[in-house]
Amino acid sequence: MENNEIILIEDGKEVSYRILFSIEDVEGKNYVVYTKDEENDTGEILTYAATYEKNENTGNIKLSSIKNDKEWKFIVEVLNSIQSGVKE
């Protein structure tokens, strides 16, 4: 997650994603929201979210899927808050 970018391996190829933001919840869990700046059928930019852990020894980042509704609700609330601030 350097230079505001994540590089993921997809189908054996490196794919670059732009980090929109990262955030820590009250329990200390870290999340990252990122995009390839692609639009869906309705013209909205597709965004992705994951939890992450950083290995302090190697500096490597491990992304994991968000698995429960509580975490998704947290991410959606943050996104809505940011979006409403941009519109004002």
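I began with burial: 22% of the 88 residues in the chain are buried. I note that this is a predicted model.

**Layout.** I looked up the elements and found one helix and five strands. From the N terminus they run β-β-β-β-β-α. I took the extent of the C-alpha trace along its principal axes, which is about 40 × 35 × 25 Å.

**Contacts and surface.** I took the contacts between residues at least 6 apart in sequence; 24% of them join residues at least 24 apart. The chain exposes about 6,800 Å². Carbon and sulfur atoms supply 44% of that area.

**Nonpolar cores.** I listed the largest nonpolar core and got eight residues: Ile 6, Val 15, Tyr 17, Ile 19, Val 32, Tyr 34, Ala 50 and Tyr 52. Two or more residues of this core come from each of S2, strand S3 (30-35) and strand S4 (48-54). S2 gives the most, three residues. I also found another core lying apart from it, with seven residues, including Phe 21, Tyr 31, Val 33 and Ile 66.

**Largest pocket.** I then turned to the largest pocket, which holds about 280 Å³ of space. Its lining consists of Leu 20, Phe 21, Glu 44, Ile 45, Thr 47, Leu 79, Ile 82 and Gln 83. I sorted these lining residues into five nonpolar, two polar and one charged. H1 has the largest share, with three residues.

Notes. Residues are numbered from 1 along each chain as its sequence is written. This is a predicted model: local features need pLDDT of at least 70, side-chain atom pairs count only at pLDDT 80 or more; totals for chains, interfaces and linings use all residues. Side-chain values use heavy atoms; hydrogens and water are left out. On a 1 Å grid over the protein atoms alone, a cavity is a set of points where a 1.4 Å probe fits but cannot get out, and a pocket is an open set with protein on both sides within 12 Å along at least five of seven lines; lining residues have an atom within 4 Å of a point. Grid points are joined across faces, edges and corners, and a volume is the space filled by probe spheres set on the points. Helices (H or I, at least four residues) and strands (E, at least two) are DSSP runs, numbered from the N terminus. Ala, Val, Leu, Ile, Met, Phe, Trp, Tyr, Cys and Pro count as nonpolar, Asp, Glu, Lys and Arg as charged, and the others, Gly among them, as polar. A nonpolar core is a set of buried Ala, Val, Leu, Ile, Met, Phe, Trp, Tyr and Cys residues joined through side-chain atoms within 4.5 Å. Buried means under 20% relative accessible area, exposed over 50%, partly exposed in between (1.4 Å probe, protein chains only). Contact means heavy atoms within 4.5 Å. Accessible areas come from the Shrake-Rupley method with a 1.4 Å probe; for residues, only the protein chains shown count as cover.
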